[in-house]
Amino acid sequence: MNTAAKLILSDTKTIQLLPRWITLRPDETPETVAFLSGAALATLDVVLRVPGTTFPGALLRDRLALDAAVACLRLEGRNATASDIRDAVCLARTGDALGPAGEMLVAWRKLARVNLAAGGWKDRIRKMLPAAVAEAMPDFGAAAGTPVARVSQILSDTLRQFPREEAAALMAADLTLARALGWDRPVPLLATHMARRDIRAIADGEDDVLPRVHRAILAACDGVIRKAADLDRRAAKLRMIAPKLRAKGSDEALSLFLSHDAVSPSGMLSPMIKGTSFAMTDRAARRLCDRLVDLGVVRELTGRATFRLYGV
């Protein structure tokens, strides 16, 4: 592990937030903003890619996908909350229509789970984007230039050609950034921090795209690193209590909590723990979730007495 990585990820309690000198002030020049966004991206890059750590990257991406879904629905004039969107997906039965909110979250989750190091990823991206957008991006963001310049170009090209496909354009931008930086999976960054006025200005052909993207990336990196530090602490607490759990399949259940924003006892733990061959009764699943809440390592996310969802 290199020295920079040791400073940021030496143990589960030391993911450092962005230094104060990277904090953006309203009077910064475009050149300074570009420098600061590069510094922020470099810091985030270390957090996301250092091998040999227990950092819950899948959980972080899943939670960022939810944030991106909320932001994109607002761009479309829909006021669905994070709770609304969770319910639309987590409480749906097989074959149920998810509605715009659920479909938006599923799309962002699919993007965040695409392994760019594995074969066939372009086909998966092609299926999740609107057909016209996918057809207009044969190389899926393999543009020339620096990472932020590539992102700005793909965002500009997509929005100017498809001005009402904001979510698809933002997905293409995050995909482009991941490819430019060599990340193995896209990380939902820009949607939550690109203001509607910036999206509209880019779609209308204004030529100051690069500064807008630099500002959004700087804000996004700050927010993601803060979220990463919080999730890393929470994940460490969850792993520490694993020996206290005696229920069969509890280790497999904990893996779900470490990779999914929300876990439904009846949908993901019972009658079979998702992705495994371990059976768990509905009662056992609910008891496990209540036990994790009592231990202070998992939260109940809905505030309801029934149809509850749980997350780290």
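**Group meeting: salt bridges, a core and a helix**

Hi everyone, let's start with D45, which counts as buried at 18% relative accessibility; buried means under 20% relative accessible area, exposed over 50%, and partly exposed in between, with a 1.4 Å probe and protein chains only. A word on the source: this is a predicted model, where local features need pLDDT of at least 70, side-chain atom pairs count only at pLDDT 80 or more, and totals for chains, interfaces and linings use all residues. Residues are numbered from 1 along each chain as its sequence is written, and side-chain values use heavy atoms, with hydrogens and water left out.

Back to D45. Its salt-bridge partner is R49, with the closest N and O atoms 2.9 Å apart. By salt bridge I mean a side-chain nitrogen of Lys or Arg within 4 Å of a carboxyl oxygen of Asp or Glu. R49 is partly exposed, at 40% relative accessible area. Both residues sit in helix α2, 4 residues apart, about one turn of the helix. Helices here are DSSP runs (H or I, at least four residues), strands likewise (E, at least two), numbered from the N terminus.

How many salt bridges does the structure hold? The count is 18, and D198, E206, D208 and R212 are linked in a network of them.

Now the inside. The largest nonpolar core has 101 residues, and W108, L170, L238 and L292 touch the most other members. Its largest share, 14 residues, comes from helix α11, residues 209-240. Such a core is a set of buried Ala, Val, Leu, Ile, Met, Phe, Trp, Tyr and Cys residues joined through side-chain atoms within 4.5 Å.

Then there is E166, in helix α9. Is E166 buried or exposed? It is buried, at 5% relative accessible area. Leaving aside neighbours within four places in sequence, E166 is in contact (heavy atoms within 4.5 Å) with L75, L159, I199 and R200.

L159 is also one of the buried residues of α8, and those residues pack against α2, α7, α9, α10 and α11.

A cis peptide bond joins S270 and P271, with omega about 0°; P271 lies in the loop between α13 and α14. F307 has a positive phi, near 50°, in a residue other than glycine, and F307 is exposed, at 60% relative accessible area. Thanks, everyone!
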